Amino acid sequence: AAVTRYEAEDATISRGAVESDHPGFTGTGFVNYDNLTGSYVDWTVDSPQARTVTLTLRYANGTTTDRPMDISVNGTVISTARPFNGTGSWTSWATNTLTVSLAAGNNHIRATATTANGGPNVDSLTVDDQAPPATDWS
Ligand code: GCU
């Protein structure tokens, strides 16, 4: 299966900051959502065809309070107030995985904070095309 990682720091950020003070992230940093409802990260994911993929959001939440986010694909919320529970510390990164349908061409995948605490710190979005492994005819 082809797996592609899209860093949060390279995505479109609304009311959040790229930071790097909590180790364990991939790329050059992570997004610290502003502590308010509606802050978001929006990734552009190009898909060669309409298909089902597995999305994995990598995040840290150093509090003991859930930081839920709406997950939308092309403007349609497909997971409402999805929980991003505490991970124990800001340097403990966890993953949250869901299956979605992508259209052919550019898709917008957005994770929007739904509480005044904002989102967790978000490191990346990984897209797995779920294709079976290629057959080795050798
Ligand atoms: C701390 C932490 C940040 C985090 C913030 C928050 O300031 O260092 O990385 O984003 O808490 O609660 O959102």
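User: Why is Ala 8 called buried?

Analyst: Buried means under 20% relative accessible area, exposed over 50% and partly exposed in between, with a 1.4 Å probe and protein chains only. Ala 8 has a relative accessible area of 0%, so Ala 8 counts as buried. Quick caveat: this is a predicted model, where local features need pLDDT of at least 70 and side-chain atom pairs count only at pLDDT 80 or more, while totals for chains, interfaces and linings use all residues. Residues are numbered from 1 along each chain as its sequence is written, and side-chain values use heavy atoms, leaving out hydrogens and water.

User: What does Ala 8 touch, not counting residues up to four places away in sequence?

Analyst: Contact here is heavy atoms within 4.5 Å. On that basis Ala 8 touches Ile 13, Val 31, Val 41, Trp 43, Val 122, Asp 123 and Ser 124.

User: And why is Thr 87 called buried?

Analyst: Its relative accessible area is 19%, and the cut-off is under 20%, so Thr 87 is buried. Thr 87 sits in the loop between β8 and β9 (strands being DSSP runs of E, at least two residues, and helices H or I, at least four, numbered from the N terminus).

User: What makes the pair of Tyr 59 and Phe 84 edge-to-face?

Analyst: Rings of Phe, Tyr and Trp (its six-membered ring) pair if their centres lie within 6.5 Å; planes under 30 degrees apart are stacked, over 60 edge-to-face, and the rest tilted. The whole structure has 3 aromatic pairs. For Tyr 59 and Phe 84, the centres are 5.0 Å apart and the planes are at 90°, so the pair is edge-to-face. This pair links distant parts of the chain, with Tyr 59 in strand β6 and Phe 84 in the loop between β8 and β9, 25 residues apart. Both residues are buried.

User: How do you know that Arg 110 lies over the face of Tyr 40?

Analyst: The test is NZ of Lys or CZ of Arg within 6 Å of the ring centre and within 35 degrees of the ring normal. Arg 110 is at 3.8 Å from the ring centre of Tyr 40 and is listed as lying over its face.
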